[in-house]
Amino acid sequence: YRLDFTRAGAELSDADQARLRDLNQALSRLSTTFRQALLDASTAEALVVDDPALLDGLAPGAIEATAEDGSYRLPLLNYTSQPALAELTNRDTRRRLYELSVNRASGNRALAVRIATLRAERARLLGHPSHAAYTVADQTAETVEAVEAMLGRLSGPALANARREAEALTEQAGFPIEPWDWSFHAETLRKARYDVDQADMRPYLELDRVYQDGVFHAATALYGITFTERGDLSGYHPDLRTFEVFDEDGSPLGLFLLDPYARPTKRRGAWMTTLVDQSHLLGELPVVVNNLNITQPASGPTLLTFDEVRTAFHEFGHALHALFSDVRFPRVSGTQVPRDFVEFPSQVNQRWVTAPEVLARYARHHETGEPMPQALLDTMQAAEKFNQGFTTLEYLEAAVLDWAWHTLADGRVVEDAEAFEAAALEAAGVAFPLVPPRYRTSYFAHVFASGYSAGYYSYIWSEVLDADTVEWFEENGGLSRANGDHFRRTLLARGGSCDPMQAFLEFRGREPRIEPLLERRGLDAGQAASQSSSGQ
């Protein structure tokens, strides 16, 4: 608590505290304006077509869901590479969708410059050379240099892989591809190499079964907990579903709320939040919400993509972190841990998406109950490392942009946000026109309208811990009650009541290693070491 107060300016002079209050108020207003402008742009700047033939490639139900007053409106999801780019057969439609995506909310660029400038001034006021230095000081990374070293170790292998992937896609397409072609031809090449069609998988991935026989089943197998749906409890929206969660001995753990569908007034993306934090001090059990943004079908069952299934497991990993919290003080309950640690448990929970004993239960045809064909499962798993150059690079580019904006020193003036973006990517060695950042400045809500400023690196930092932890599970027998209890006791239950890295050491028995992550993503460890030693 003392550290919180100090970092909030409690030891500043009266004059500096007054200036800090002004800065905080201005930043709050600017972030709210940024968020609202982005939400408006996601709908107002959506792709609109009059002829449904231009949406060829999308599932019929998906096209039907976009119908609106005689036209078809495809809203923008909050990242660059829109999922529809992998399915739309019309190249010009893909181009239009891509350009709408990367150019949306252009007025937010000026807001972002102002936000970054004020954050730099605030950091100097609080005794730090930059907002990034201020932010990382109480994270597990601790220093700007540690973050930059980690990003640098990954950038070279990711860029090299992406270039090889681009060559393969150009050969497959028969012409030099553009950014809007990448997802479509990657999906085409994936099918050619692995014969995996997302449309073939959807009938086996029905929403309720994914949760009951996948997400919940894995949690029961690992931790012994059970779930009872409470239809008698009303939520804040009719789509909300409420489940009471019980420990193995029958005692209540808390409530889990699922808000699965997209709607016009809902924030894009997927996230977890708590309505009530667990604490022994107040005698309160947690109430946890998982938010997804699945397109609600006009009729019939809700069928998911495999990425949406992965997201469901991920967000439920956050929910478990909150539900298993066993601390006295609400300040350190559940996911109230350093930001570069908070994604770690949720990423570990993604491991069970493809665990054979879990997949066999939830991946069943929604009409016949037949299991997903083994050949489809095998090829899907074989494809896990496909396109990882693209996936890793687009993430690293976004992390670099976040870091560049927030390592600005107080007094640095940025005249042109787009030029600043380009220079930052080039300086970090990740610039590649065919692979744009996952988020560009104007729609980077994580860092300009949410709590992740100078913290987007934390996803990959957490994944280092995650990959090493998954290796531990595999070494010790996988999905078992003993393994679940160990993970719950040493990590999930402790929230922020102890140093997170000490908790990891207690769990793993040693410091984390980066090699399991490099292997998972198909990145060459030798090349990563070379990049690190050369200072890339």
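Modeller: Two strands count as paired if DSSP finds at least two bridges between them, and the strands themselves (E, at least two residues), like helices (H or I, at least four), are DSSP runs numbered from the N terminus. This is a predicted model, in which local features need pLDDT of at least 70, side-chain atom pairs count only at pLDDT 80 or more, and totals for chains, interfaces and linings use all residues. Residues are numbered from 1 along each chain as its sequence is written, and side-chain values use heavy atoms, with hydrogens and water left out.

Colleague: How many bridges join strand 1 to strand 3?

Modeller: Three bridges link strand 1 with strand 3 (residues 71–74), and the two run antiparallel; valine 49 stands opposite tyrosine 72 in strand 3. They belong to an open sheet of three strands with the order 1-3-2, whose edge strands, strand 1 (47–49) and strand 2 (67–68), each pair on one side only.

Colleague: Which strands of the sheet does helix 4 touch?

Modeller: Contact means heavy atoms within 4.5 Å, and helix 4 (residues 91–103) touches strand 1 and strand 3.

Colleague: Is strand 8 largely enclosed or open to the outside?

Modeller: Buried means under 20% relative accessible area, with a 1.4 Å probe and protein chains only. Eight of the eight residues of strand 8 (residues 287–294) are buried, so strand 8 is largely enclosed by the rest of the structure.

Colleague: Which sense does strand 8 take with strand 7, parallel or antiparallel?

Modeller: Strand 7 (residues 271–276) pairs with strand 8 in the antiparallel sense over five bridges, whereas strand 6 (residues 252–261) runs parallel to strand 8, joined by six bridges.

Terms used:
Axes are lines fitted to C-alpha atoms, for helices over the stretch in contact, and angles run from 0 to 180 degrees between N-to-C directions. Buried means under 20% relative accessible area, exposed over 50%, partly exposed in between (1.4 Å probe, protein chains only).
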